[in-house]
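The following note is meant for a colleague who meets this structure for the first time. Its points are numbered so that each may be read beside the sequence and the model.

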Amino acid sequence: MTAGLPEPARRDEWRVSHDEREAVVERLNTAAADGRIDLDELDVRLGLALNAKTYADLAPLTADLPPEFPVSQEPLVLKGGMHGVTRSGRWDVPGRITVYGGMGAVKLDFTQTECRLPEIQIEAQGQMGGVTIVIPDGWAADTSRMEAGLGGFTDKTTRERLPRTPLVRLTGSGGTGGVVIRHASSWERRKQRRLQGR
């Protein structure tokens with residue numbers, strides 16, 4: 001070793017990058033969605049990951065997870081058909097969802113779900129009945145790849161995304177019935193409070 005120079009740092013002492021922290025955060029979110037770790041443990045590990053400075057800080061957070069694991073949930077496919085379909089209340093949210101408005105329309109309501117996925121991919125085809133997607137305050141949507149179609153497309157969501165909430169990536173076409181993505185209306189908020197006894 002050259003006199004006066006510090007000894008080279010071991011790999012576990014190397015500083016981690018923002019991308020490496022985010023990769024661990026995404027892996028932890030997926031593990032929680034698969035049921036491998038519970039939500040309380042997820043919160044603890046996410047906090048440690050976001051504040052990690054070295055590889056030694058990050059490594060223990062995923063040491064008990066398989067190197068690669070498949071997504072446990074199959075994509076959700078909803079079809080409005082003749083009478084329409086609504087998915088609301090508390091339900092398990094997969095990473096990929098495809099909705100077809102059909103004749104009767106489809107409504108996807110995420111406002112009562114507890115989703116820790118970093119991203120949800122939704123393909124919405126408005127067809128005749130149209131599709132309505134309702135997301136909680138604090139969730140954000142990327143709608144840059146949506147096509148209006150004859151029925152049009154309306155994005156009434158805000159761009160402010162809270163930490164540890166999903167980004168909804170919306171693709172597809174409004175068809176003739178149209179596609180709308182928005183936050184809950186005041187009437188829906190009042191109805192939810194009544195159901196919760198508030």
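1. Helices (H or I, at least four residues) and strands (E, at least two) are DSSP runs, numbered from the N terminus. The model is a predicted one, in which local features need pLDDT of at least 70 and side-chain atom pairs count only at pLDDT 80 or more, whereas totals for chains, interfaces and linings use all residues. Residues are numbered from 1 along each chain as its sequence is written, and side-chain values use heavy atoms, with hydrogens and water left out.

2. The loop between β4 and β5 holds T113. Is T113 buried or exposed? Buried means under 20% relative accessible area, exposed over 50%, and partly exposed in between (1.4 Å probe, protein chains only). With a relative accessible area of 12%, T113 is therefore buried. Its side chain reaches the backbone oxygen of F110 at 2.8 Å; a polar contact is a pair of N or O atoms within 3.5 Å, where within protein one must be able to donate a hydrogen and the other to accept it, and residues adjacent in sequence count only if both atoms are side-chain atoms. Leaving aside residues up to four places away in sequence, T113 touches G89, W91, V93 and W139, contact being heavy atoms within 4.5 Å.

3. A nonpolar core is a set of buried Ala, Val, Leu, Ile, Met, Phe, Trp, Tyr and Cys residues joined through side-chain atoms within 4.5 Å. The largest such core has 24 residues, of which I97, V99, L108, F110, I120, I122 and I133 touch the most other members. Two or more residues of this core come from each of β1 (76-79), β3 (96-100), β4 (106-109), β5 (119-125), β6 (131-135), β7 (140-147), β9 (167-173) and β10 (179-183). Apart from this core lies another, of 15 residues, among them V16, V25, A32 and A49. In soluble globular proteins, nonpolar side chains tend to be buried together.

4. What does I97 touch, not counting residues up to four places away in sequence? The list is L76, W91, L108, F110, I120, Q121, I122 and E123.

5. β1 pairs with β3 in the parallel sense over four bridges, two strands being paired if DSSP finds at least two bridges between them. In this pairing V77 stands opposite T98 in β3.

6. Salt bridges deserve a separate point. A salt bridge is a side-chain nitrogen of Lys or Arg within 4 Å of a carboxyl oxygen of Asp or Glu, and by this rule there are nine. One of them joins the side chains of E114 and R90 (3.3 Å, N to O). E114 lies in the loop between β4 and β5 and R90 in the loop between β2 (85-87) and β3, so the pair ties together parts that are 24 residues apart in sequence. Both E114 and R90 are exposed.

7. Another salt bridge links the side chains of R169 and E119 (2.9 Å, N to O). Because R169 lies in strand β9 and E119 in strand β5, this pair ties together parts that are 50 residues apart in sequence. R169 is partly exposed, at a relative accessible area of 33%, and E119 is partly exposed as well, at 27%.

8. R182 forms a salt bridge with E188, their closest N and O atoms being 2.8 Å apart. R182 counts as buried at 17% relative accessibility, and E188 is buried with a relative accessible area of 12%. Elsewhere, E41, R45 and D64 are linked in a network of salt bridges.

9. In helix α3 (residues 55-62), the residues Y55, L58, L61 and T62 are buried. They cover an arc of only 125° around the axis, so they are on the same side of α3; the arc is that of the directions from the helix axis to the C-beta atoms. The buried residues of α3 pack against α1 (18-33) and α2 (39-50).

10. Two backbone angles may be checked. Most residues other than glycine have a negative phi. A105, in the loop between β3 and β4, has a positive phi near 85° and is partly exposed, with a relative accessible area of 22%. Q127, in the loop between β5 and β6, has a positive phi of about 50° although it is not a glycine, and counts as partly exposed at 35% relative accessibility.
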